[in-house]
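Please open the structure in a viewer and keep the selection tool at hand.

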Amino acid sequence: METDCKSISNQKNESNPSYNWKDVTPEFFDSIKELELGELLHGYFFGLFEAMSAIEIMDPKMDAGMMCNRESNAIKIEDLKLSGLSVSEQISIIDCTLACLVSWLEGHSLAQTVFTNLYFQKPYEIEDVPLKAFCICIYKIIEEIRDFANRAQVFEEEDFQPALYSYHYFNEISVTRVIGMMREVDESINHKLKSNANSEENESYVALNTRIKFVRLFFQILLSFNRRENHSSSMGETQRLLTTCGLLIPSLINTVDKGVPKVGHWCYDLGFDPLINQKLLPPTFPRYTKIKPADEAYVYFDSLLTRLKQICKLTNCTTYISALECFIELGHNSYLCIVSRSIMQTLYFPQPGKVFGIQDLEDCLREWAKSFIAPPSLIPRLNILSNSQVKDCVHNFFDHCTRPFAGLIQICGHNKARQRDKLAHIMEDFSALQDESQRVDAFLHSFSSKLDPPREHLASFSTWIIYHTIRIMIMYLLSGFELELYSQHEYQYIYWYLYQFLYGWLVSTLNRADNVLLGSDSLVDSQKNRTKRNKPKKKKPHPYSQEIVMCHAMQSLTGAYFKTLVGFQLEGKIRTPKHAKFDNEKVRYEHRFAAFSAVAVPPPFSYNEFQMTRCQIRDSASGDPGILYLNSCELFHQARCLLDTIAQPHSQQVLDLIKVCKTNFVTMKLLASGYMRGPDVSLDFDFTTNSYFPILKLS
């Protein structure tokens with residue numbers, strides 16, 4: 001037994017390592033002198049991923065634990081002033097709290113923003129009624145925003161932090177009671193204003209009352225959007241609240257100075273302690289929390305209210321495609337926050353799979369497919385659905401469509417970077433729908449061909465699916481410009497792909513749907529007017545004429561950019577990678593279009609086809625950039641003429657594109673005439689007017 005104990009103790013002593021520390025700092029600094037500025041050393045156990053994930057110790061912006069042991073300048077919770085707060089102090093507390101709320105909406109943690117206000121630790125103990133009502137109302141506002149975000153599910157960890165950190169929402173107080181409390185505070189302040197003759201003190205009371213009213217109205221706006229039932233009937237009341245709330249913003253900004261003087265540790269003295277929740281770190285990578293100034297926070301609220309007003313028009317979209325267009329249009333706003341993005345989703349889908357809470361998404365998609373290309377199986381008078389096999393087949397197809405089409409709507413609610421990732425994945429779902437739609441069309445054609453007269457069902461559902469697939473592919477490519485993912489030397493094949501294939505395929509798809517609809521209408525008219533053949537017939541307009549014109553304009557525009565860029569390359573105005581050893585255009589091309597490999601129709605086009613087209617264009621111009629500039633000049637003019645024919649009033653997007661075409665037309669004409677040519681002329685792509693199609697500037 002004794003020998004066993006000795007052997008165990010000897011093993012323990014042997015397992016304890018003995019260190020001989022050596023200072024390598026001088027050697028390290030001598031070694032890094034061999035590295036050039038910006039050059040990194042790639043080790044076997046320390047690569048780029050480890051370098052990006054590393055935390056710089058003792059940097060307050062990266063090392064969240066650096067300040068944990070420091071003494072806070074804030075007052076203690078037990079010393080918090082719960083009664084007798086001056087009006088100026090209450091104004092400053094409200095302003096700081098709303099600024100913290102804005103920082104939370106921009107992606108920071110609740111613990112490091114709103115809950116740094118010590119009054120939120122014990123709101124029931126506050127004796128000053130305005131501040132007590134305000135704190136409880138902010139809790140309810142946080143609850144509503146979290147509910148929007150959790151239902152919509154369009155946020156990522158970099159967008160929004162919903163964690164509560166054991167704080168509770170005071171569920172024992174109803175929403176009606178909270179609004180009632182805020183109204184009571186409003187009335188009590190108004191009563192003081194009437195009984196008080198001191199004009200200077202009255203200005204402070206007016207400023208406080210404006211803030212109480214603003215917070216109450218903002219809370220009511222969130223409640224009105226959070227209804228699960230049909231929103232169209234209640235949208236008038238929501239718009240009234242938005243207008244009233246927006247009118248208070250200028251007064252809020254102008255009265256920021258009515259708070260306490262911003263001297264010394266004024267924020268700490270009011271009851272804010274940035275270190276109180278320092279150890280309650282979010283699940284994401286820790287980052288420096290910066291709170292906006294009060295006036296900037298109110299400007300943020302003003303833009304938020306403007307976005308919510310625009311979102312209200314979503315209730316006017318009765319079809320799926322009109323709703324999708326609305327989502328895409330609103331998504332072009334680069335300032336969309338988590339609140340507006342989530343409200344967009346919950347407004348259209350208050351309940352999963354229920355459009356505006358009243359219509360099944362499957363029925364909505366049926367109506368859209370019927371109006372797009374009028375498949376014989378969806379036309380009631382043809383009575384094809386009376387067959388049980390046909391009915392089950394169509395039902396299963398649209399049932400499978402609901403998830404990808406709902407996902408497409410949801411993608412429009414994500415931030416720009418996530419949208420691009422998710423568009424690449426949803427192409428696979430639409431590719432699967434393409435295969436299924438072809439099988440369904442072939443099966444249904446066997447029934448529609450037996451009608452009197454026979455009707456063709458081939459390529460009905462498949463054309464409808466291909467239309468959406470092409471639009472997703474276009475969105476995917478254009479998003480790269482918005483995210484600044486492409487280098488200038490890559491613009492060539494991006495615009496070429498859009499010009500040569502995607503917009504061409506989209507025009508062909510729309511032309512087919514257009515012809516099918518016109519043929520279907522003419523067949524119906526001929527059956528109705530058999531007894532009225534002598535009557536003159538009115539020529540029916542093409543259903544997709546405007547969209548086809550827009551696609552032709554986009555095709556001309558992208559073609560103009562492609563030819564311009566080939567000319568710039570011939571003149572050496574486009575920078576190419578310096579290290580030829582590591583440069584391979586084919587690899588870059590295949591990387592940019594790798595997401596399209598999952599799609600069967602339209603088929604992916606190889607790098608060899610791009611190279612062949614570029615060589616043909618160079619040969620046709622005999623290597624003269626001036627001829628290419630002249631060709632692109634004609635295409636810019638053609639695009640502008642097509643855009644001018646689109647029905648008035650023009651949208652802002654069309655007006656911006658017309659401006660781009662006009663400006664680039666002049667630039668190309670100057671280049672074609674030999675002006676501003678040569679090695680000393682520099683080129684700049686200005687994307688300020690349009691995110692996808694730049695204005696070309698030479699200097």
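**A guided tour of the model**

Begin by selecting Ala374, which counts as buried because its relative accessibility is 11%. The model is a predicted one. Ala374 is found in the loop between α14 (361-373) and α15 (388-411). Its phi is near 50°, a positive value in a residue other than glycine. Most residues other than glycine have a negative phi.

Next, select Glu484, in the loop between α17 (461-482) and α18 (491-528). Here, too, phi is positive in a residue other than glycine, with a value near 60°. Is Glu484 buried or exposed? With a relative accessibility of 70%, Glu484 counts as exposed, whereas Ala374 counts as buried.

A further backbone feature is found at Val601 and Pro602. The peptide bond from Val601 to Pro602 is cis, and its omega is near -5°. Pro602 is placed in the loop between α20 (585-592) and α21 (607-620). Most peptide bonds are trans.

**Helices α5 and α13**

Now display helix α5 (residues 129-152) together with helix α13 (residues 338-348); their axes come within 8 Å and cross at roughly 60°. At that angle the two helices, α5 and α13, are therefore oblique to each other. Their crossing is left-handed.

While helix α5 is on display, select Ala133, which has its place there. Ala133 has a relative accessible area of 1% and is therefore buried.

**Salt bridges**

How many salt bridges does a search of the whole structure find? The search finds 25, and three of these stops follow.

Select Arg418 and Glu158, whose side chains meet in a salt bridge at 3.0 Å, N to O. Arg418 belongs to helix α16 (residues 416-448) and Glu158 to the loop between α5 and α6 (175-195), so the pair ties together parts that are 260 residues apart in sequence. Both partners count as partly exposed: Arg418 has a relative accessibility of 27%, and Glu158 has one of 34%.

Move on to Asp186 and Arg216, where the side chains form a salt bridge at 3.9 Å, N to O. This pair links distant parts of the chain, with Asp186 in helix α6 and Arg216 in helix α7 (residues 199-225), 30 residues apart. Asp186 is buried, at a relative accessible area of 12%, and Arg216 is buried as well, at 6%.

Then select Arg640 and Asp644, which are joined by a salt bridge at 3.6 Å, N to O. These residues are 4 apart in helix α22 (residues 625-644), so about one helical turn separates Arg640 from Asp644. Arg640 is partly exposed, with a relative accessible area of 29%, and Asp644 counts as partly exposed at 36%.

**A nonpolar patch**

For the last stop, show the surface and select Phe28, Phe29, Ile32, Leu35 and Leu41. Together they make a nonpolar surface patch of about 500 Å². Phe29 is found in helix α2 (residues 25-31). With a relative accessible area of 47%, Phe29 is partly exposed.

Definitions and conventions:
Residues are numbered from 1 along each chain as its sequence is written. This is a predicted model: local features need pLDDT of at least 70, side-chain atom pairs count only at pLDDT 80 or more; totals for chains, interfaces and linings use all residues. Side-chain values use heavy atoms; hydrogens and water are left out. Patches are made of residues with over 30% relative accessible area and no salt bridge: like charges are joined within 9 Å, nonpolar side chains (Val, Leu, Ile, Met, Phe, Trp, Tyr) within 5 Å. Accessible areas come from the Shrake-Rupley method with a 1.4 Å probe; for residues, only the protein chains shown count as cover. A salt bridge is a side-chain nitrogen of Lys or Arg within 4 Å of a carboxyl oxygen of Asp or Glu. Buried means under 20% relative accessible area, exposed over 50%, partly exposed in between (1.4 Å probe, protein chains only). Axes are lines fitted to C-alpha atoms, for helices over the stretch in contact, and angles run from 0 to 180 degrees between N-to-C directions. Angles under 35 degrees count as roughly parallel, over 145 as roughly antiparallel, 65 to 115 as roughly perpendicular and the rest as oblique. A crossing is left-handed if the near helix is turned anticlockwise from the far one by less than a right angle, and right-handed if clockwise.
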